Amino acid sequence: MVSTLHADIDLLNPPAALEKQKHKLKRLVQSPNSYFMDVKCAGCFQITTVFSHSQSVQLCSSCSTVLATPTGGKCRLTEGASFSPVTFTAVNDDDDDVFEGLDEFVADLGSLRLSSGLRVEAVGDDGQPLVDYEVHRQHRKDGKETLPLSLPSSYRSNLISEAVISSLPHGLSDVERASLGATPLGVSPALQRLQASGRSAPGSHAARAALRGCVMAFITAGYSGKRFVFEQANELGVRCIILDGPENWSATLVKEGLAERYIPIDFAEVDTVFDRCLAALVGVRESIGLDGVTTFNEFAVPLVARLAEMLSLPGNAPKACDMARDKRATRSLMQAAGLPSPKHCLIESDEDIEAAATLVGFPAVIKPIAAAASLGVVRVDSAEQLREQVAATQKQLAGLYLDEHVWGLGLVRVDCTEQLREQVVSTQQQLAGLYLDEHGHIVQAAEGEAVDAAKAAEVAQYVSKTLMMEEYLDGDEVDCDLVMSEGVCTYGAVTDNWPTIEPYFNETGSNCPSILPVATQRELLDLAVASVQALGFKLGVFHVELKATSRGPRLIEVNARMGGGGVRDINLVVWGVDLVEQQLLASIGLPAKPAIARRPLQRLAEYSMNAPRTGIMESADFMAPYLGLPETVYARPLVAPGDKVVCVADGMPSWVVCVADGMPSWVCELCVAKPTVREAIAFVQQAERDILFPIKPLTVQ
């Protein structure tokens, strides 16, 4: 046996195991032995958060059963009660301490299957391209789907639109829900065996065993960059049933062996989408059993909530999903719950402008309340800037075909009452110039064109002229990825988002773990969890966007689904937590309590680089020097030879998919792992300076 001598220990960096053995006051950094616990009541199964060293009797918040009694040290749990430590992953890059964790997982980048998160064109048996969602221009990293700006009528059958969401029935009342019963009928044989054995899934290995053979219905597959979801589900042994458009890219997943069944749903018949999806799932349940219904697509979340409710399957309340999608409702709920929220005010007419300016103050942002796919976020700091940006936005919108369910004409920062008044008038004029054509598209009327009153009235159900004015949020933006199980957060991690490219607010890069102070991370995580709980969510994976402002943490929005792009990979590589796996567990009603690494397994920084100048890309091998490096997680171009790329100074905001419209182009993305986050950040920033982009100047005609 080899013993460790005190002389062999680095006194400035002592082993964690040795520090844990010391008295709390004699550790290098004094720290308590106490912690918070999520205690499950043996009687009603309600979970209550209890302090481990509580000096008073702790009662169940639901049935008042005694959960724990004081002893002078650690409290004693009542027989039958169970607990797990509340686990967050707040850690500063300069500090090697990481909070509670269970997993001994060691990240080997070479063995991990990482996703590109990029759209990949799929073709059908006839050789024609299949339909795919586009990715939101300001949220490519988050994988937020949006509808193509120019949507052929054939696409309407293949993509979930806002009209489908608007047609969904209300959630069930308590009486209606009780009449359905609490136990789902027709579960798969795999879940029957698991329920009969009484086993749970506390760790990653047990979770994999629990999921094998379970039948999961996916309501749409999202955009093609989310193919990794089905690769992971297949690896876990989940039997995937996909409900999607008849010509959607996801139809190819059955042939590839990643899905067992594909059920085409025509989304153009909006009034019957819910009934047809429900009938299809009932048929699946009667034939092979059905254990859960889920989605990783933003548009399908409200539909999934209602289907799960009708089938008595695990899921979140439809009301919670609806409120999360309505920023105005979310803001009001936050205020009612006493949670910090950006000041805001509705502007329905000119008379509201002065009151809004007084209440909210400046700088501020205004936006249509129905915005679901904004065409751009533009900051202006003077009247001259505002006029220039409004003119540029209107030029972009001129003659633009919008699908009937692509809402919103942009978010614009305003800095004074005069700017606010001008922008309100401008935005409402743009909204007033829309009408519904014979193909069911919302069309921008040409200058001087008279809009038929009846056609314009039809648009009102899709586009509201009411605007919301919000305070402009300064500070650092972060993403908080959460796992909720039985109403309690079992995992939370912070990723820093780098400053956006102004004046268009487009994303640039991010790093994980966060380098914000630990106290700030805790505040952000606390607000993220409180916001999700205030909305009424109980289970699943959530991607919460916040800002650490000079006035404290502020919520931007709650996404009731896993973040797209590299979000899953970041959490897997850094903390060993697979968010896909956790969502699947939650969706069949098993505990989603991931094993979490005790310290960051990797320290990552990733950067999406913008075209430094406008021109034509001559080749795509400029990332070759970074391929194969031990620190490289991925290095990939986002453009192909011959593509036009546009620098920020020359265009309106967009991602590379829209370079034909003369908008700024992201040409590549690089992600690296280094011993510290700051080293990783420095590496990718230096790479941007070193890369020689082969861009040929445009030829002036």
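With which side chain does the side chain of asparagine 511 make a polar contact? The partner is the side chain of tryptophan 498, at 2.8 Å; a polar contact here is a pair of N or O atoms within 3.5 Å, where within protein one must be able to donate a hydrogen and the other to accept it, and residues adjacent in sequence count only if both atoms are side-chain atoms. The model is predicted, so local features need pLDDT of at least 70 and side-chain atom pairs count only at pLDDT 80 or more, while totals for chains, interfaces and linings use all residues. Residues are numbered from 1 along each chain as its sequence is written, and side-chain values use heavy atoms, with hydrogens and water left out.

Asparagine 511 belongs to strand S23, residues 509-512 (helices, H or I with at least four residues, and strands, E with at least two, are DSSP runs numbered from the N terminus). With a relative accessibility of 3%, asparagine 511 counts as buried (buried means under 20% relative accessible area, exposed over 50%, and partly exposed in between, with a 1.4 Å probe and protein chains only). A cis peptide bond leads from cysteine 512 to proline 513, with omega near 5 degrees. Proline 513 itself sits in the loop between S23 and helix H16 (518-535).

Most residues other than glycine have a negative phi, and most peptide bonds are trans. Threonine 220, a residue other than glycine, has a positive phi near 65 degrees. Threonine 220 is placed in the loop between strand S9 (215-219) and helix H6 (227-235), and is buried, at 1% relative accessible area. Glutamate 486, again not a glycine, shows a positive phi of about 55 degrees. This glutamate lies in the loop between strand S21 (476-485) and strand S22 (488-497); glutamate 486 is partly exposed because its relative accessibility is 42%.

Charged pairs come next. Side chains of opposite charge can pair when their charged atoms come close. The whole structure holds 11 salt bridges, each being a side-chain nitrogen of Lys or Arg within 4 Å of a carboxyl oxygen of Asp or Glu. One of them joins the side chains of arginine 561 and glutamate 298, at 2.8 Å from N to O. Arginine 561 is in the loop between strand S25 (552-559) and helix H17 (567-575), and glutamate 298 in the loop between strand S12 (292-294) and helix H9 (301-310), so the pair ties together parts that are 263 residues apart in sequence. Both arginine 561 and glutamate 298 are buried.

Arginine 568 takes part in a salt bridge with aspartate 569, at 3.6 Å from N to O, and in another with aspartate 578, where the closest N and O atoms are 3.0 Å apart. Aspartate 578 lies in the loop between H17 and H18, whereas arginine 568 lies in helix H17, so this pair ties together parts that are 10 residues apart in sequence. Burial extends to aspartate 578, at 7% relative accessible area, to aspartate 569, at 5% relative accessibility, and to arginine 568, at 3%.

H18 spans residues 579-587 and is mostly covered, with nine of its nine residues buried. Among these buried residues are Glu581, Gln582 and Gln583. Just after H18, glycine 589 adopts a positive phi of about 85 degrees.

Finally, an open sheet is formed by three strands in the order S3-S4-S5, with antiparallel pairing. Strand S3 (58-59) and strand S5 (76-77) are the edge strands, each pairing on one side only. S4 and S5 pair in the antiparallel sense over two bridges (two strands pair if DSSP finds at least two bridges between them), and alanine 68 stands opposite leucine 77 in S5. Strand S4 covers residues 66-69 and includes valine 66, which is partly exposed at 32% relative accessibility.

Cysteine 75, at 11% relative accessibility, counts as buried, and so does cysteine 214, at 2%. The search of the whole structure finds zero disulfides, a disulfide being a pair of cysteine sulfur atoms within 2.5 Å.
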